[in-house]
Amino acid sequence: MKKTVVIFLFFIQSFSFAQRVSLYGQLNTITTAVPFLLITPDARAGAMGDAGCASTPDAWSNHWNASKNAFIKKDFGAAVSYTPWLRALVPDINMADIGLYKKIKKNSAFGIFTKYFSWRDVSVPAIGQFRAHEETSGVSFSTLLSKKISGGGVLKYIYSNVSLSGNPAWSVAADMSCYWTDTIMLKDISSKFSWGINLSNIGSKIAYNNTGNREFLPQNLRAGVSYKVDIDKQNSVEVVCDANRLLVPFPVINTLPEQFQTVNIGSGIEYWHAQMFAVRSGFFYERPEYGGRKYFTLGLGVRYSVFSLDFAYLIPTEQRHPLQNTLRFTLSFDFNSLKKAEKKNMQSYFIEG
């Protein structure tokens with residue numbers, strides 16, 4: 001029974017990110033190894049339809065588009081995120097993420113990230129008790145190429161321990177990205193238009209056993225745009241949209257229109273008031289014959305002093321969906337604000353003294 005559980009969890013995880021091709025009325029599921037690499041790590045993007053390639057930079061730029069870090073205004077920041085995954089089906093699948101960035105002078109930045117995807121403790125007679133899990137960790141670097149454009153890259157280590165043989169698999173992969181942004185003045189209103197491209201998980205196939213069978217990494221091409229408007233000093237709105245496609249072999253795709261049909265779209269909107277309260281919503285769409293994921297997303301954000309707390313909730317368009325009731329929680333730390341608060345306290349101490 002427990003062997004069946006492991007197989008079931010592996011199938012469900014793969015299915016959640018599978019792309020399907022219709023051939024003479026038959027659906028053929030396309031799976032890759034380690035699909036957890038594509039799962040949205042943070043509540044902000046999770047509340048905006050899983051779109052983040054061109055949104056304003058934050059601690060999760062390492063996942064969406066590392067090039068954004070070069071434009072981040074703050075010197076140092078970090079965030080942690082927790083997601084109970086597929087709770088509509090299985091009670092104990094969890095994902096935890098950590099993201100961090102640090103500016104290097106004014107033109108460059110580096111980042112560190114890790115993702116841990118835990119399934120459950122399983123007892124297998126051949127190997128005993130073990131916890132099925134996958135994880136990835138890596139570093140990123142980004143730099144300004146001009147005043148409006150930046151480039152960046154990521155190097156990551158991938159580990160997967162889900163095989164019933166007890167043989168874990170590992171691989172090394174890289175991301176390459178670029179990001180462009182510019183400020184536009186419309187009368188007295190300041191706005192910003194941005195676009196980004198990220199080619200992720202570039203690496204060799206991964207093997208779970210010694211038979212020579214190797215599976216593709218989820219190599220992925222993501223392109224996105226965003227438009228942010230500062231309505232006044234207290235209110236701002238940002239609209240984002242991402243187009244996303246796996247770059248793995250599809251069984252029968254011969255024409256250009258068929259290529260475009262395999263692209264899924266995520267879009268969302270974010271409203272901030274006084275840089276303290278945020279409301280977000282979004283929608284994700286994938287054609288039925290190529291996967292059929294369709295869901296709305298909602299979220300809230302609260303910022304106080306050095307801390308920010310974000311929440312996201314996923315609403316599928318159909319009942320009994322594997323992703324039903326998916327929640328995400330993210331806690332972010334702004335160390336710049338901490339330094340400013342300490343400096344202000346010191347100034348107050350000397351003035352009062």
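Throughout this passage, a residue is called buried when its relative accessible area is under 20%, exposed when that value is over 50%, and partly exposed in between (1.4 Å probe, protein chains only). The structure is a predicted model, in which local features need pLDDT of at least 70 and side-chain atom pairs count only at pLDDT 80 or more, while totals for chains, interfaces and linings use all residues. Residues are numbered from 1 along each chain as its sequence is written, and side-chain values use heavy atoms, with hydrogens and water left out.

The chain contains five helices and 16 strands, taken as DSSP runs (helices H or I, at least four residues; strands E, at least two) and numbered from the N terminus. Of its 353 residues, 46% count as buried. The exposed surface comes to about 17400 Å², with carbon and sulfur atoms supplying 63% of it; such areas come from the Shrake-Rupley method with a 1.4 Å probe, and for residues only the protein chains shown count as cover. Where contact means heavy atoms within 4.5 Å, 56% of the contacts between residues at least 6 apart in sequence join residues at least 24 apart.

Salt bridges come next. With a salt bridge taken as a side-chain nitrogen of Lys or Arg within 4 Å of a carboxyl oxygen of Asp or Glu, the count comes to twelve. In one of them, Lys115 pairs with Asp97, and the closest N and O atoms are 2.9 Å apart. Because Lys115 belongs to strand β5 and Asp97 to strand β4, this pair ties together parts that are 18 residues apart in sequence. Both Lys115 and Asp97 are buried. Salt bridges with shared partners also join Arg44, Asp58, Glu238, Glu270, Arg280 and Asp310 into one network. Within it, the closest N and O atoms of Arg44 and Glu238 lie 3.2 Å apart. Arg44 sits in helix α2 (residues 43–46) and Glu238 in strand β11 (residues 235–246), so their bridge ties together parts 194 residues apart in sequence. Arg44 is buried at 9% relative accessible area, and Glu238 is buried at 1%.

Ile269 lies in strand β12 (residues 264–273) and is partly exposed, with a relative accessible area of 36%. From Ile269 to Ser281 the C-alpha distance is 5.6 Å, although the two are twelve residues apart in sequence.

Strands β5 (108–124), β6 (128–144), β7 (149–161) and β8 (169–186) each supply at least two of the patch residues. Phe141, in strand β6, is partly exposed at 43%. His133 is also found in strand β6, but counts as buried at 12% relative accessibility.

Finally, the structure holds zero disulfides, a disulfide being a pair of cysteine sulfur atoms within 2.5 Å. For Cys53, the nearest cysteine sulfur is that of Cys178, 8.1 Å away. Cys53 is buried at 0% relative accessibility, whereas Cys241 is partly exposed at 29%.
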